[in-house]
Structures are given as structure tokens and as C-alpha cells.
Amino acid sequence: MNHESDPTRSLKRLFIIIGNKASTGDFNLNDLPSSGGRMDIVCRFIAQSLFISHGIRKDSGAIGVLLGEPDPPRSILVHGGKVRYMSPDERNVAGLIRKALKHRGEEWKETSPGIFTAKKSVNEILSELGDFSIFYLREDGRDIFDLSIGPEEKTVFVMGDHLGVGGDIEELILRKVRGIISVSPLSLQADQCVVLIHNFLDRLERSRNIELD
Ligand SMILES: C[S@@+](CC[C@H](N)C(=O)[O-])C[C@H]1O[C@@H](n2cnc3c(N)ncnc32)[C@H](O)[C@@H]1O
């Protein structure tokens, strides 16, 4: 993949969710949990990865790896610095995903401003993120507060939906990670994990006097 076609290039924080049953075709915007295969979870995850109060994190991105029928895997990437016409409500995010899924190409293609889609698995995506430190989120991981992250370090965090991450996929992810991390003594929703990670990184950057974007 050349630099021009890499939508992750200008990102510093990236969040990836495995949508085990999330639709890779058409679905009903009025029934995201059932007809969308828990697309509501993917949409909340994307919203929490990007939106703050009255604004958006320009250095952050979110990827939903959709593994439901009819054409898995399909991945959707939303770039906080480029996205337009997205609001944090699930139905709005889902509408833009549904539009992106109409495109069926192999490589990243921008289907609306800041929204990209490709026929890529999580393994392929992680293989392309050579300049990122990859972390896998799991309840029994190392406490995030023990993590040391450099000021310029680009980070990606991978997690599951309500079904977690399947054993075969987890095996592939674990070959590529810098660490397995835990964000709470409780098992949380993926979008809640994202909020805690942002909070950890925001505080770290503030303590280093790095301007938050
Ligand atoms: C709702 S949980 C998945 C629960 C699912 N029943 C399972 O057994 O994996 C969604 C995802 O959030 C992440 N997660 C949840 N709680 C976490 C925690 N305390 N620390 C790190 N990751 C967590 C994991 O990646 C998990 O797959």
C-alpha cells in the first residue's frame, strides 16, 4: 500500500473492534441490533473513539472489522480529522456504514469524506500498521496504568464486541501485539474501554504538556 492510499497515516490513536456478526451487506437502520448483527455496538464504538463534547478528535480513528453475512470480512475506517456529515448518534453512523458497504473493492476506498472501506481482515489491517504499537484488550491483561507510551508513539487498540474475539482470530492478533492490556477490574462494553483509554492517553499527554488534538 502506498502512502497516498493509507488512511491511517496521519492518525496517532486507532481503535479496532471485531464485529463478529455485524452485517457486511444491507441492513435495516431501524433495527441495528438484529438486522445489523449488533451494528449498534460498532456504531457506539466508532462514536466514542472520535467524538468529544462539541468536537471531534482529529488524530483518532476507528475501524470496525465486520464479520457477518453476506460478504465477510469487510472493514470500515472512520478518520476523525477527515470525516464530515457524521454525528454521534448510532443511526447516523450506521447510515454512513451502510453506504460504505455498497462498495466492494479490496483496497481502502473513501466512500464519504473520512469514511473508508476495504475487503480486509483484522490480520491484514494489523500487518499494514507497521508504525503503530498494537495492544490487545482483554480483561486479564496488564493494567493500562503500568504501560509506558512514548510522546510520539502511535497506538492501536484491538477489542471484541459482545461475543469477544474468537480463538483463531485472537491467535493471529497476539502474534502482532506489543501487549495485552486491561482497563478495569470489570468486564466492560468495548465503547466504555475506548473512553477509559482516551482518558489515560489524554492525561498522559497533558502531563507532558502536549497539546491535545
Ligand atoms: C463486552 S466485552 C466481551 C465479553 C464477551 N462475553 C467475552 O467473553 O469476551 C467486549 C470487549 O471489550 C474488551 N474488554 C472488556 N472489558 C475489558 C477490561 N476490563 N479490560 C480490557 N478489555 C476489556 C475485550 O476486548 C472484550 O472482548
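The largest share of the lining of the largest cavity, three residues, comes from α5 (190-207), where helices (H or I, at least four residues) and strands (E, at least two) are DSSP runs numbered from the N terminus. The model is predicted, so that local features need pLDDT of at least 70 and side-chain atom pairs count only at pLDDT 80 or more, whereas totals for chains, interfaces and linings use all residues. Residues are numbered from 1 along each chain as its sequence is written, and side-chain values use heavy atoms, with hydrogens and water left out.

On a 1 Å grid over the protein atoms alone, a cavity is a set of points where a 1.4 Å probe fits but cannot get out, and a pocket is an open set with protein on both sides within 12 Å along at least five of seven lines; lining residues have an atom within 4 Å of a point. Two cavities of 30 Å³ or more are found in the whole structure, a volume being the space filled by probe spheres set on the points, which are joined across faces, edges and corners. The largest cavity has a volume of about 70 Å³. Its lining comprises 12 residues, with K12, I149, G150, L201 and E205 nearest the centre. By class, five of these residues are nonpolar, two polar and five charged; Ala, Val, Leu, Ile, Met, Phe, Trp, Tyr, Cys and Pro count as nonpolar, Asp, Glu, Lys and Arg as charged, and the others, Gly among them, as polar.

The largest pocket holds about 360 Å³ of space. Of its 23 lining residues, L137, E139, G160, S187 and L188 are the closest to the centre. Two or more lining residues are given by each of β8, β9, β10 and α5, and β8 provides the largest share, four residues. The lining of this pocket has 12 nonpolar, seven polar and four charged residues.

The space taken by the ligand is the largest pocket, a molecule being assigned to a pocket if more than half of its atoms lie within 2 Å of the grid points. The ligand is surrounded by 16 residues, the closest being L137, V183, S184, L186 and L188; a residue counts as near if one of its heavy atoms lies within 4 Å. Within this shell, β8 (132-143) gives the most, with three residues, while β9 (154-160) and β10 (179-182) each supply at least two. A nitrogen atom of the ligand is 2.8 Å from a polar backbone atom of L188, and a ligand nitrogen is 3.0 Å from a polar backbone atom of S184.

Definitions and conventions: Polar contact = N/O pair within 3.5 Å; in protein donor to acceptor, adjacent residues only side chain to side chain.
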